[in-house]
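The sequence and the model are shown first.

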Amino acid sequence: MKMGVVTIVDLIDKFQKVADIGKSAREKQRIINVVEVFYIWDVLVNKLDSLETIQIFEHMIKDNDLILIKNKVKEGLLEGIDDMEVLMRDYDLPFPMRPPADISTTFYIEIVSDRDIFQMLYEIIAAFFPILGIGFMQSTTPDVRKGLKNHLLLTMELQEMLVEYGKFKGFLNQPPVYRP
C-alpha cells in the first residue's frame, strides 16, 4: 500500500478496532462468521504445511539466488502465520498443530534439483491464490478482510518474483509464443 492512501478496508478496520475496545473474545465471536473462521483456519494450516515442506527441502538448494528466493517465500509464510495467529487469538479460535521449529535432515537426496525445489515453491505460492481470493470475497469482518487482502497482495509479489526468477533460470514452464 502506498503511503498516504487509505482504502475503505483500512478505514473500516480502524473503526472496528475502536468499537472492539474492551470487548471480550466471546463478544468478538458474535461478529465473525463461520466462513471467515474457516478461511483463517485454512490459510493458517496451508501456510504451516508449506513452511514444513520448505524446511524439509531448503538444505538441498545449491543455487545462491534460489536460497534468497526461498528465504523471501519463507518470510512471507511466517508473516502470514503470525497475522493469522493474531486473528485467531483475537477471536479465541483453536489453533492447529504447528510443525517443528526446524527440520534438520542428515541425508541429502541428489535426485532433488534446484528446478524441483523452484517448482515446489512456485506451486506453494500458486496454491494460495484461490484460498485468499475466495476468502477475501466471502469475508465481511474488516480485520479479517484486511488480513486476507494483505496476504493476497504479498502472494502476488512473491509470485511475480518467482516468475521472473523462473524465466531467468529457464525453470518456468512457459506456454509457446503466439505467432499469427
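## The largest cavity

In this predicted model, the lining of the largest cavity consists of Lys-47, Gly-76, Leu-77, Ile-125, Phe-128, His-151, Leu-154, Thr-155 and Leu-158. Two elements, helix H4 (64-90) and helix H7 (142-169), each supply two or more residues to this lining. Helix H7 gives the most, with four residues.

The space in the largest cavity comes to about 40 Å³, and the count of cavities of 30 Å³ or more is one. By residue class, the lining divides into five nonpolar, three polar and one charged. Two of the lining residues, Lys-47 and Phe-128, also interact directly: the charged end of Lys-47 sits over the ring of Phe-128, at 4.5 Å from the ring centre.

## Aromatic pairs and their cluster

The structure contains five aromatic pairs. One of them joins Phe-118 and Tyr-122 in a tilted arrangement, with 5.9 Å centre to centre and 35° between the planes. Both residues belong to helix H5 (residues 114-126), where Phe-118 and Tyr-122 are four residues apart, about one turn of the helix. The two partners fall into separate burial classes: Phe-118 has a relative accessible area of 0% and is therefore buried, the limit being under 20%, whereas Tyr-122, at 22%, is partly exposed.

A further pair is formed by Tyr-165 and Phe-171, whose ring centres are 6.1 Å apart. The planes of these two rings meet at 70°, so the pair is edge-to-face, the limit for that class being over 60 degrees. Tyr-165 is buried, with a relative accessible area of 7%, and Phe-171 also counts as buried, at 14% relative accessibility. Phe-118, Tyr-122, Tyr-165 and Phe-171 together form one aromatic cluster.

Is Lys-74 buried or exposed? Lys-74 is located in helix H4, and its relative accessibility is 17%. Lys-74 therefore counts as buried, since the class requires a value under 20%.

Which residues does Lys-74 touch, when those up to four places away in sequence are not counted? The contacts are with Leu-51, Ile-54, Gln-55 and Glu-58. Helix H4, which holds Lys-74, is also one of the elements that give two or more residues to the lining of the largest cavity.

## Overall fold

The protein has seven helices and zero strands, and from the N terminus on its elements run α-α-α-α-α-α-α. Of the 180 residues in the protein, 41% are buried.

Among the contacts with a separation of 6 or more, 81% are accounted for by residues 24 or more positions apart.

Conventions
Residues numbered from 1 in each chain as written. Predicted model: local features only at pLDDT ≥ 70, side-chain atom pairs only at ≥ 80, totals over all residues. Heavy atoms only, no water. 1 Å grid on protein atoms, 1.4 Å probe; cavity = no way out; pocket = protein on both sides within 12 Å on 5 of 7 lines; lining within 4 Å. Points joined across faces, edges and corners; volume = space filled by probe spheres on them. Nonpolar A, V, L, I, M, F, W, Y, C, P; charged D, E, K, R; others polar. Phe/Tyr/Trp six-rings, centres within 6.5 Å; stacked < 30°, edge-to-face > 60°. Buried < 20%, exposed > 50% of the residue type's maximum accessible area, 1.4 Å probe, protein only. Lys NZ or Arg CZ within 6 Å of the ring centre and 35° of its normal. Contact = heavy atoms within 4.5 Å.
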